[in-house]
Amino acid sequence: MARAAPIAPSSDADEPHSGDDLMADSAERAGAEPSQHSLFGEILDWMLAPLLLLWPMSIAVTYLIAQSIANHPFDRALEDNVTILAQHVGEMDNRSGLSVPARDLLRADEVDTVYYQITGADGSYIDGDRELPQPPLIDKKLPIGVVQFYNTVLHGNDVRIAYATTERHPSQAQHAENDAAPAHRPQLVLVQVGETLEKRALLANDIIKGVILPQFVILPIALALIWFALARGLSPLSELQRRIRMRRPDDLSPIEPGQVPEEISPLVGSLNDMLVRLAQTIEVQKRFIADAAHQMKTPLAGMRMQAELALRQTDGGDIHRSLEQVAKSSETATRLVNQLLSLARAENIQSQTTEPAAVELASLARDTMHDLVPLSLARQIDLGFEQPSHPVTIAGDPILLRELLVNLLDNALHYTPRLGSVTVRTYVNAAKGAAVLEVEDTGPGIPTAERRLVFDRFYRILGTRNTGSGLGLAIVREIALQHNATVDIFHNPRSRDPKWPGSLFRVTFHLPPHDDDRQY
């Protein structure tokens with residue numbers, strides 16, 4: 001394996017870092033870490049924010065409603081004053097036009113000041129306060145006896161005024177003065193009565209105080225109840241946390257879902273699924289470690305026995321033979337350790353975040369076969385490669401794909417007899433949109449019933465004379481799964497020897513979408 005070049009130190013590696021740089025680095029690291037937030041605080045914020053926003057709005061709406069409620073009875077009283085005053089507009093006094101003094105008719109108190117005015121239809125003054133303005137609808141046709149209202153400012157005070165028109169019948173003296181006028185012809189008179197708004201404001205304030213003041217007591221109680229309800233509602237999470245922390249480290253039993261609220265059940269279900277997968281993974285790792293330890297006993301025991309035997313030997317030939325056995329056992333142990341490391345690396349590749357690279361299968365196969373040529377020559381096996389007419393490119397990890405091909409070739413060379421052949425080919429199956437890697441040998445073949453089992457760890461076909469660890473094909477399957485590929489085993493269709501039917505290992509990779517339509 002090629003060693004990585006050492007990283008050259010930068011030119012400012014020995015320069016001291018300033019305090020600002022260290023603070024900036026710390027701030028950068030702190031900013032990179034996701035900040036935790038409280039579920040309790042978030043729910044409380046979402047509940048209190050609308051409450052605190054709606055409370056001022058409710059006060060404003062209450063104030064408007066209080067004003068409307070306060071205006072209604074005072075407007076009724078003001079309307080009664082206008083009606084009473086209009087009824088006493090008589091014929092006795094031509095100057096005032098009233099049969100009874102106005103101050104005796106109007107109901108007033110010490111809080112509000114009451115004003116009145118009587119004018120003709122043409123705006124001529126008859127009686128009352130001259131400062132009262134004419135109503136805004138004086139130019140329009142006013143229905144007789146209908147009371148209407150408007151607001152104005154008089155002597156610096158806000159005043160509410162009610163007005164209505166009525167008919168005034170002239171006296172006998174007036175008829176004598178104007179013989180041309182029709183007898184007893186009625187005259188239209190405008191009657192206005194106004195009062196200040198102090199009592200209305202006092203009543204509105206009393207209503208607001210009666211509504212708002214209890215809210216200052218109710219609001220803290222509501223906040224306390226919300227706080228208590230949230231704490232009570234989230235208590236199952238604290239209880240679940242306590243139960244999980246009290247567990248033993250080796251306790252991976254599922255959490256009882258019936259002991260948590262319905263809303264937390266999906267979370268508990270997902271946690272139970274994770275515990276089940278974790279338990280299965282730990283069980284597989286334990287079995288793997290136990291099997292690996294068992295497999296390592298054989299070469300280690302052989303090495304120890306041969307070493308002890310060599311120590312007892314005095315003949316140089318016997319010592320040499322014992323050392324040869326030690327070397328073979330050491331080679332077997334080294335091979336087993338390397339395969340265990342390869343399998344562990346293939347199984348942990350999912351945790352890596354590196355993007356798959358473009359791998360040309362033909363070039364990868366050619367380079368890998370060059371490393372195995374000495375082994376094929378030593379065993380007198382014809383190692384061949386069928387070059388495709390076009391490049392066969394897939395996405396994957398070139399190191400793992402090389403490990404897959406090494407194990408397939410090592411398996412084929414291990415079981416193929418002398419003077420046999422092993423062939424590697426790559427091609428594209430355009431109909432299926434797949435890239436195919438095949439390793440073909442002329443060995444004893446694999447029975448159909450055994451083909452599914454040979455991919456299990458440490459599994460070896462009974463009756464075979466060849467030695468092996470039983471990990472090569474397990475590594476092949478694991479790497480193929482990491483690349484979303486499939487591995488199939490067939491008899492060699494080109495074999496003509498019934499004793500040596502051979503095997504054909506076919507690894508099928510999915511091509512990238514843009515390569516599916518290429519014709520080969």
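Glu 386 and Arg 425 pair up in a salt bridge, with their closest N and O atoms 2.8 Å apart; the term covers a side-chain nitrogen of Lys or Arg within 4 Å of a carboxyl oxygen of Asp or Glu. Since Glu 386 belongs to strand β7 (residues 382-386) and Arg 425 to strand β9 (residues 421-429), the pair ties together parts that are 39 residues apart in sequence. Strands here are DSSP runs of E with at least two residues, helices are runs of H or I with at least four, and both are numbered from the N terminus. Arg 425 is buried, at a relative accessible area of 5%, while Glu 386 is partly exposed at 37%. For these labels, buried means under 20% relative accessible area, exposed over 50% and partly exposed in between (1.4 Å probe, protein chains only). The pair also belongs to a network of salt bridges that links Glu 386, Arg 425, Glu 438, Glu 440, Arg 494 and Arg 506.

All of this comes from a predicted model, in which local features need pLDDT of at least 70 and side-chain atom pairs count only at pLDDT 80 or more, whereas totals for chains, interfaces and linings use all residues. Residues are numbered from 1 along each chain as its sequence is written, and side-chain values use heavy atoms, with hydrogens and water left out.

Strands β7 and β9 are part of an open sheet of five strands, ordered β7-β9-β10-β12-β11 with mixed pairing. At its edges stand β7 and β11 (486-491), each with a single partner strand, so one side of each has no neighbour in the sheet. On average, neighbouring strands of this sheet are turned by 15° against each other, direction ignored. Pairing requires at least two DSSP bridges between two strands; β9 and strand β10 (residues 434-441) have eight and run antiparallel. Within that pairing, Thr 423 sits opposite Glu 440 of β10. Helix α9 (residues 361-378) lies across β7, β9, β10 and β12 (503-510), and runs at about 170° to β7. Such angles run from 0 to 180 degrees between N-to-C directions, with axes fitted to C-alpha atoms, for helices over the stretch in contact (contact being heavy atoms within 4.5 Å).

Elsewhere, strand β6 (residues 357-360) is joined to β8 by four bridges, again antiparallel. Ala 357 has Gly 396 as its bridge partner in β8. Strand β8 (residues 393-396) has Ile 394 and Gly 396 on a covered face, with Thr 393 and Ala 395 on the uncovered one.

Glu 239 meets Arg 242 with closest N and O atoms 2.4 Å apart. The two are three residues apart in helix α6 (residues 235-245), and therefore separated by about one helical turn. Both ends are partly exposed, Glu 239 at 35% and Arg 242 at 39%. In helix α7 (residues 265-312), Glu 308 and Arg 304 are four residues apart, also about one turn, and their side chains meet at 3.2 Å, N to O. Here Arg 304 is exposed at 60%, whereas Glu 308 is partly exposed at 34%.

As for the protein as a whole, it has eleven helices and twelve strands. Of its 520 residues, 34% are buried. Among contacts with a separation of 6 or more, 65% involve residues 24 or more positions apart.
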